[in-house]
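Dear colleague,

Please find the structure below, together with its sequence. My notes on it follow.

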Amino acid sequence: PFHMAHQGLNDAPFQQALGRAFLALSPNVYYVAQRLRSGPPPPPPPSRPLRIGVVSAHLGYHSIGKMFIELFMQLTSRRKELHVRPYAFLVDHRCEELGCQPEHDGITHVLSQVMGDDFQHLPHDLTLAESAIESAELDVLIYADLGMEFTTYILAYARLAPLQIAWWGHPITSGLPSIDHFFGLDIEVPWATDHYTEQHVRMEHMNSAPFTFTPEELVPTTDFGLPFEARFCVVLGRLFKFHPRFDRVMARILTAVPDAYIVVVAEAEYYTNQVLWERLQVSMADYPGTASRVVFANFKHYNKIVHQAACVLDTFPYGGCLTTHDAVSNHVPMVTLPLEHVRGRYSLGIYQQMDHMDLVAHNESHYVDLAARLLTDSGFRRTQSAEIGSAYDKRFHRNNLVADEWVAFLKRSLS
């Protein structure tokens, strides 16, 4: 169900229908841990730490791993204070059996160092993965990105802990009766409960990745495929996040600033770039001369492009999160338009946590106006850059409060 989230629709009925279809076709995916077959166990005794497990195929050098690493550090470094025992389960394509120890990247190395045996690589064999998680006798099992990858999606049909939760790492409801809660955000629309089959939990604080300002040497814009000293905005999001509605807004920005360009970061697969390029020729056709000013740049220039852009354009209806971190941590203004679903409201949450709302657009015309002003008004751009840098450094990071909020909710739920 990965691509379903990018259409801008309420996916709850589709996800629920998909879950029922899988169960009908393969009922053996519904597995219940031995200790839970007679019903929910009693609450954990006060003398024992709360056992919290997080499972994902992306707990390494990936957007999910980057967003979770600081939260894991909070839970492990404060385990006595919070009275918890965190576990991390990485479903690893390289593993065929339990106990495998593949080569670590930077994030998995840190997790293995701070968590020891409570950080485990799981094979893709469903039975073995279930067995490993079941043996931990968890109180809570959190799926960090349910629906982003097939093994963890099928794993979620099982009941392996008394309380099972989906987190917004993949911002779409599971549609599964085995998932009890969806950890969302307080910046969601008032009717957001309609978007979930789980009980929707609005968390006040948003966890963050440990990104800091990274200086880059300026290079000629010709390195990015642009004319010399061209002014441009950049879209950092993956190309599968581009929606025809967003295409037309890009065209309106380029019409408003006739000498500007928009840079998009090309994918490694030529075909993906070609498909979007061909679509832009159609979706931007009502704005002559604009599609030719959308330039696909090599990913190797990513950091330099971020630093030299007049602004970053957040995609919609599916917006960015880690790419927003890339922008604001480097003090680059990002324009965002929050729409109905949580997947389009991450940047709103980041800006709200920073207490900087100047670049949150109210509608598409406002979005165009903000981008055009950042392209043409250097004083406004410098002011925004300075305020964003200060707000990001001083007010944004609240991973300690996220840990407090999560643990307090989990303890209430289990009691």
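**A buried asparagine**

At 6% relative accessibility, N399 counts as buried (buried means under 20% relative accessible area, exposed over 50% and partly exposed in between, with a 1.4 Å probe and protein chains only). Please note that this is a predicted model, in which local features need pLDDT of at least 70 and side-chain atom pairs count only at pLDDT 80 or more, while totals for chains, interfaces and linings use all residues. Residues are numbered from 1 along each chain as its sequence is written, and side-chain values use heavy atoms, with hydrogens and water left out.

N399 belongs to helix α14, residues 399-414 (helices, H or I of at least four residues, and strands, E of at least two, are DSSP runs numbered from the N terminus). Its side chain reaches the backbone nitrogen of S208 at 3.0 Å, a polar contact (a pair of N or O atoms within 3.5 Å; within protein, one must be able to donate a hydrogen and the other to accept it, and residues adjacent in sequence count only if both atoms are side-chain atoms). Apart from neighbours within four places in sequence, N399 is in contact with E70, L71, Q74, N207 and S208 (contact means heavy atoms within 4.5 Å).

**The seven-stranded sheet**

Seven strands form an open sheet with parallel pairing, in the order β3-β2-β1-β4-β5-β6-β7 (two strands pair if DSSP finds at least two bridges between them). β3 (119-122) and β7 (199-203) stand at the edges with a single partner strand each, so one side of each is left without a neighbour in the sheet. On average, neighbouring strands of this sheet are turned by 25° against each other, direction ignored (axes are lines fitted to C-alpha atoms, for helices over the stretch in contact, and angles run from 0 to 180 degrees between N-to-C directions). Helix α5 packs on the sheet and touches β1 (50-56), β2 (84-91), β3 and β4; its direction makes about 165° with that of β3. Four bridges join β4 to the parallel strand β5, residues 163-167, and Y143 has A166 in β5 as its bridge partner.

**Strand β8 and its partners**

Strand β8 (residues 232-235) is covered on both faces: F232 and V234 on one side, and C233 and V235 on the other, are all buried. β8 runs parallel to β9 (residues 261-265), to which four bridges join it, and V235 stands opposite V264 in β9. β8 also pairs with β11 in the parallel sense, over two bridges; there the bridge partner of V234 is V312.

**The nonpolar core**

The largest nonpolar core has 141 residues, and those with the most contacts inside it are F68, W167, L313 and Y367 (such a core is a set of buried Ala, Val, Leu, Ile, Met, Phe, Trp, Tyr and Cys residues joined through side-chain atoms within 4.5 Å). Not counting residues up to four places away in sequence, Y367 touches several residues, among them F246, L313 and F316.

**Backbone exceptions**

Most residues other than glycine have a negative phi, and most peptide bonds are trans. Here a cis peptide bond joins F316 and P317, with omega about 10°; P317 lies in the loop between β11 (311-313) and α10 (322-329). E137 is not a glycine, yet has a positive phi of about 50°. E137 sits in the loop between α5 (126-135) and β4 (140-143) and is partly exposed at 40% relative accessibility. D355, also not a glycine, has a positive phi of about 60°. D355 is found in the loop between α11 (346-354) and α12 (364-376), and at 56% relative accessibility D355 counts as exposed.

With kind regards
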